[in-house]
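I set out to record what I looked up in this structure, one entry at a time.

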Amino acid sequence: MVRVTDRSSKIIMLEYVFKSLSVLAFDVMRLTIWLVLLVAIFVPLERLFTLHPARIWRPQTGVDLAWYFLNSLLPAAFIAMPLALLARVLHGADPGGFYTAMALLPFWIKLLLMLVVNDLGAYWYHRAAHAYPVLWGFHAIHHSAEHVDWLVNTRAHPVDIVFTRLAGLIPVYLLGLAQVTDGRLDPGVVLLMIIGTIWTFFIHANIRWRLGFAEWLVSSPAFHHWHHTNDEHRDHNFAFFFPLIDRIFGTAWLPHYWPPVYGIDGKVPSTLSGQLIEPLTSIRPANPRQTSTSLTGHP
Ligand SMILES: [Zn+2]
Ligand SMILES: [Zn+2]
């Protein structure tokens, strides 16, 4: 009897391992297809409209590709848990019929509001990540790139990604712009994630396009490249989508020329494991430029 039970539990465990590996293999295949699409879009664009001359395979390309796969798989699991908890807390709540009214809004209006609210939440977390050394250690991995191109979008510590996404999504759920049903993500949130992902690849791209007046309506490579500069203008342009947010809070910087230098003071480890572990084991000293950026005042 005991042997039968042991055998059954072994079979269940093997089935579980096989199922998990199948899901992982499917995810890796899906991400590889996305990567091929991104390469097909951005590599020719960066060859045709080069801002700063660069090789396609530069130092850190391998590490950035590893970040692409890791960050596409790992943070989602950590984001799902608090959102599921929030959904449980909000379940059945409808103060003054507010959530019912929000649910009745047309999909495209809700999507636009989601983009704005998500960007506002992410903006304030992003400012905090520049202001507090304990958060800057995680965020500095993203800023460590001394050459900015589309793939640099993937170089970010998972902790930084989890906090940024939660800062954007929690207000979206609190305002009733999205609902969690049957554990599935709201279609609006899925679309928000797709738009956000494609756009953040674009604003990192090494292309010299300027969008004229539109640069004040929607973020552009010039807008975000200035966020990556390693001079006194780094603590600007925190919004990922709407530059107007930076204008309102006094953190916008968008001249007609491009930043001369990218990166941070000091170095981060050159390996994936080093970049993953360093912010967990040490606090990066405060950056001199952070003295000019507080969470309450203008830069
Ligand atoms: Zn930043
Ligand atoms: Zn960036």
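The entries below give what I found in this predicted model.

**Entry 1: overall fold.** I began with the secondary structure of the protein chain and counted 10 helices and zero strands. Read along the sequence, the pattern is α-α-α-α-α-α-α-α-α-α. The C-alpha trace spans about 75 × 50 × 40 Å along its principal axes.

**Entry 2: burial and contact range.** I found that 30% of the 299 residues count as buried. I also looked at contacts between residues at least 6 apart in sequence: 74% of these join residues at least 24 apart.

**Entry 3: α4 with α5.** I asked at what angle helix α4 and helix α5 pack. For α4 (residues 107-131) and α5 (residues 133-143) the angle is about 105°, with the axes 6 Å apart. The range for roughly perpendicular is 65 to 115 degrees, and α4 and α5 are therefore roughly perpendicular to each other. On the α4 side I noted Ala128, Ala129 and His130, and on the α5 side Leu135, Trp136 and His139. By class, the residues of this contact are four nonpolar, two polar and no charged.

**Entry 4: cover of α5.** I checked how many residues of α5 are buried. The helix is mostly covered, with nine of its 11 residues buried. The buried residues include Trp136, Phe138 and Ile141, as well as His139, His142 and His143. I traced the packing of the buried α5 residues to α4, α6 and α10 (272-281).

**Entry 5: α4 with α6.** I next took α4 and helix α6 (residues 158-174), whose axes come within 7 Å and cross at roughly 140°. That angle makes α4 oblique to α6. The crossing of α4 past α6 is right-handed. I listed residues of the contact, among them Met114, Asn118, Trp124 and Tyr125 of α4, and Phe163, Ala167, Leu169 and Ile170 of α6. The contact divides into 12 nonpolar, five polar and two charged residues.

**Entry 6: α2 with α6.** I turned to helix α2 (residues 61-90) and found that its axis and that of α6 come within 9 Å and cross at roughly 35°. I recorded a right-handed crossing here. From α2 the contact includes Leu70, Leu74, Phe78 and Leu86, and from α6 it includes Ile161, Val162, Arg165 and Tyr173. Leu169 and Ile170 of α6 also take part in the contact with α2, and both are in the contact with α4. I counted 16 nonpolar, one polar and one charged residue between α2 and α6.

**Entry 7: leucine 192.** Is leucine 192 buried or exposed? I placed the residue in helix α7 (residues 187-204). Leucine 192 has 25 C-beta neighbours inside 10 Å, and the threshold for burial is 20 or more, so leucine 192 counts as buried. Not counting residues up to four places away in sequence, leucine 192 touches Leu111, Met114, Leu115 and Asn118. Of these, Met114 and Asn118 also belong to the α4 side of the contact with α6. Finally, I took the C-alpha distance from leucine 192 to tryptophan 253: they lie 26 Å apart in space and 61 residues apart in sequence.

Note on methods: Residues are numbered from 1 along each chain as its sequence is written. Chains are lettered from A and ligands numbered from 1 in the order in which they are written. This is a predicted model: local features need pLDDT of at least 70, side-chain atom pairs count only at pLDDT 80 or more; totals for chains, interfaces and linings use all residues. Helices (H or I, at least four residues) and strands (E, at least two) are DSSP runs, numbered from the N terminus. A residue is buried if 20 or more other C-beta atoms lie within 10 Å of its own, exposed if 12 or fewer, and partly exposed in between; C-beta atoms are placed from the backbone. Two residues are in contact if their C-beta atoms, placed from the backbone, lie within 7 Å. Axes are lines fitted to C-alpha atoms, for helices over the stretch in contact, and angles run from 0 to 180 degrees between N-to-C directions. Angles under 35 degrees count as roughly parallel, over 145 as roughly antiparallel, 65 to 115 as roughly perpendicular and the rest as oblique. Ala, Val, Leu, Ile, Met, Phe, Trp, Tyr, Cys and Pro count as nonpolar, Asp, Glu, Lys and Arg as charged, and the others, Gly among them, as polar. A crossing is left-handed if the near helix is turned anticlockwise from the far one by less than a right angle, and right-handed if clockwise.
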